[in-house]
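Subject: Structure for your review

Dear colleague,

Please find below the structure that I am handing over to you. My findings follow directly after it.

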Amino acid sequence: KTHHRPYKPRFDMLQRASLRLSSSSAKRMMSTIASVKGRSIIDSRGNPTVEVDITLDNGGHVRAAVPSGASTGIYEALELRDGGDVYMGKGVSKAVSNVNEVIGPALIGMDPTDQQKIDDKMVKELDGSKNEWGWSKSDLGANAILGVSIAVCRAGAQASNTPLYEHIQKLAGNSELVMPVPSFNIINGGSHAGNALAMQEFMILPTGADNFTQAMQMGCEVYHNLKTVIKKRYGQDAVNVGDEGGFAPPLKGSDEGLSLIKEAIEISGYTGKVKFGMDVAASEFLTKDGNYDLNFKNQPNDGSDVVSGDGLLDIYGGFVSDYPMVSIEDPYDQDDWEHWAKATAKYGKECQIVGDDLLVTNPKRIEVAIEKKACNALLLKINQIGSITESIEAVSMAKQAGWGIMTSHRSGETEDPFIADLAVGLATGQIKTGAPCRSERLSKYNQLLRIDDELQGKNVKYAGDDFRFPAPAF
């Protein structure tokens, strides 16, 4: 059952939720924002990113950090970088300055539980830039706005004396908390790895676990057994890890990677309980004439690995028939609407077709994709759209269309575990945040373990096999 119903704009619902939170905080003597401080820190790839501290008038203090992607969709909100020579042009001093000099002073005295009011002030009033797909954040930068938006969300939870996931649940007007199925990226290709693999991520989803804690155990055991299999077959050097903690062995094709994972699952004793997922990131290997080059990392090449959109469709058919494939993300370029719709029509029932570069967590692009039946799942990346309010709006819209939702990290990450609480509070049912390796990935998984422990005995379900439709739409 997909809980499908026509989408209706729901800013009024968000406002009502904000009002409920505002009135309840007023009863406890409303806390207000006393200071906002931005700074530059370093992400997991050695590049600067924005961190924001908010202090409340009652002495409360929260902190948030912003992630950054490597394979980015062209329709994402603007990530403001400095340019020039410092940090290879990737400095964020302009974005930090915008936090400290423009955004921060404007938010002093505001109620942190009023998420939409604050986000609207930043996005529509202080920034105000727009393009054909909505608010582009091209003046202040999505990284500046999002850093503050996440910090405000944390401050609102603290001011309400409520766990962050519960505060997010109330902001969204969501009826159920759900522990998500983790989607572990355990073999890396594409832009994240130095091997020949064109397709970017090969993932496992422990849908057959009884709870999230057991799902983590299963994921870790498969990961370790995969390491043993790879080392035996390709040597010690083949188990170095990529940006997201997955292995990047010298594989020539996707089937080789999928068969390695199948073997590791069998050794672990979890056949049937662990499903497969992929992030193709096909925009990375689109050719100028609209085909797809599966040997794009080796340039120039003889063109023998270039396939058409329909040729790729047949390759995906092999994945779905030969493996327990339940999720394929970005199977085509972000403008190849025709083949997206073909893939969804052909495989969408047994395997979710996930829009990342296609949708960029943007409500207007989601609307177009719903009309075109281009995909049936949203990849939720908060830094693609740049505010918590717009992220909630995107999730609500996708859920009302009967889609699945996969919460996601970025390849350039920090130790901030915000998306763990987000996945639970919005009942997305799925989360991908890398392999069970590298602390910036584990910070999210470990936060989910804490939440799972906290919610024991409170009748909160693990999404499991219902990961695509874990709870009613809101």
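Lysine 373 counts as exposed, because its relative accessibility is 61% and the cut-off for exposed is over 50%. In this predicted model, lysine 373 lies in the loop between helix 10 and strand 15 (377-380). Its phi is positive, at about 50 degrees, although the residue is not a glycine. Most residues other than glycine have a negative phi.

Valine 360 also has a positive phi, of about 40 degrees, and is likewise not a glycine. Valine 360 sits in the loop that runs from strand 14 (352-355) to helix 10 (363-372). With a relative accessibility of 1%, valine 360 counts as buried.

Helix 13 itself, residues 418-425, is mostly covered, with eight of its eight residues buried. These are Phe418, Ile419, Ala420, Asp421, Leu422, Ala423, Val424 and Gly425; a charged residue, Asp421, is thus on the list of buried positions.

The backbone also contains a cis peptide bond, which joins glutamine 299 and proline 300 with omega at about -10 degrees. Most peptide bonds are trans. Proline 300 belongs to the loop between strand 11 (292-293) and strand 12 (306-307).

Overall architecture and confidence

The chain comprises 14 helices and 18 strands. Its radius of gyration is 21 Å, close to the 23 Å that the globule rule gives for 474 residues, so the chain is as compact as a globular protein of that length. The C-alpha trace spans about 65 × 55 × 45 Å along its principal axes. Of the 474 residues, 62% are buried. Among contacts between residues at least 6 apart in sequence, 71% join residues at least 24 apart.

As to confidence, the mean pLDDT of the chain is 94, and 94% of the residues reach 70 or more. Confidence is lowest in helix 1 (residues 11-27), where the mean is 55, and highest in strand 7 (residues 181-182), at 99.

Helix packing

Two helix pairs deserve a description. Helix 4 (residues 142-159) and helix 5 (residues 164-172) pack at an angle of about 100 degrees, and their axes are 9 Å apart. That angle makes helix 4 roughly perpendicular to helix 5. Helix 4 contributes Cys153, Arg154, Gly156 and Ala157 to the contact, while helix 5 contributes Leu164, His167, Ile168 and Leu171. By type, the residues of this contact divide into five nonpolar, two polar and one charged.

The second pair is helix 3 (residues 115-127) with helix 12 (residues 388-400), which pack at an angle of about 110 degrees with their axes 8 Å apart. These two helices are therefore roughly perpendicular to each other. On the helix 3 side, Gln115, Gln116, Asp119 and Val123 take part, and they meet Ile388, Thr389 and Glu390 in helix 12. The residues of this contact comprise two nonpolar, three polar and two charged.

Individual residues

Serine 183 is found in the loop between strand 7 and strand 8 (184-188). It counts as buried, because its relative accessibility is 0%. Not counting residues up to four places away in sequence, serine 183 touches Met203, Ile204, Leu205, Met406, Ile431, Lys432, Thr433, Gly434 and Tyr445.

Is glutamate 440, at 11% relative accessibility, buried or exposed? Glutamate 440 counts as buried, since the cut-off for buried is under 20%. This glutamate lies in helix 14 (residues 439-454). Leaving aside neighbours within four places in sequence, glutamate 440 is in contact with Ser44, Asp243, Glu413 and Thr414.

Aspartate 85, by contrast, is exposed, with a relative accessible area of 76%. Aspartate 85 lies in the loop between strand 3 (61-65) and helix 2 (93-107). From aspartate 85 to tyrosine 347 the separation is 262 residues in sequence and 47 Å in space, C-alpha to C-alpha.

Yours sincerely

Key:
Residues are numbered from 1 along each chain as its sequence is written. This is a predicted model: local features need pLDDT of at least 70, side-chain atom pairs count only at pLDDT 80 or more; totals for chains, interfaces and linings use all residues. Side-chain values use heavy atoms; hydrogens and water are left out. Axes are lines fitted to C-alpha atoms, for helices over the stretch in contact, and angles run from 0 to 180 degrees between N-to-C directions. Helices (H or I, at least four residues) and strands (E, at least two) are DSSP runs, numbered from the N terminus. Angles under 35 degrees count as roughly parallel, over 145 as roughly antiparallel, 65 to 115 as roughly perpendicular and the rest as oblique. Contact means heavy atoms within 4.5 Å. Buried means under 20% relative accessible area, exposed over 50%, partly exposed in between (1.4 Å probe, protein chains only). pLDDT is the predictor's confidence in each residue, from 0 to 100. The radius of gyration is taken over C-alpha atoms; the globule rule is 2.2 Å times the number of residues to the power 0.38.
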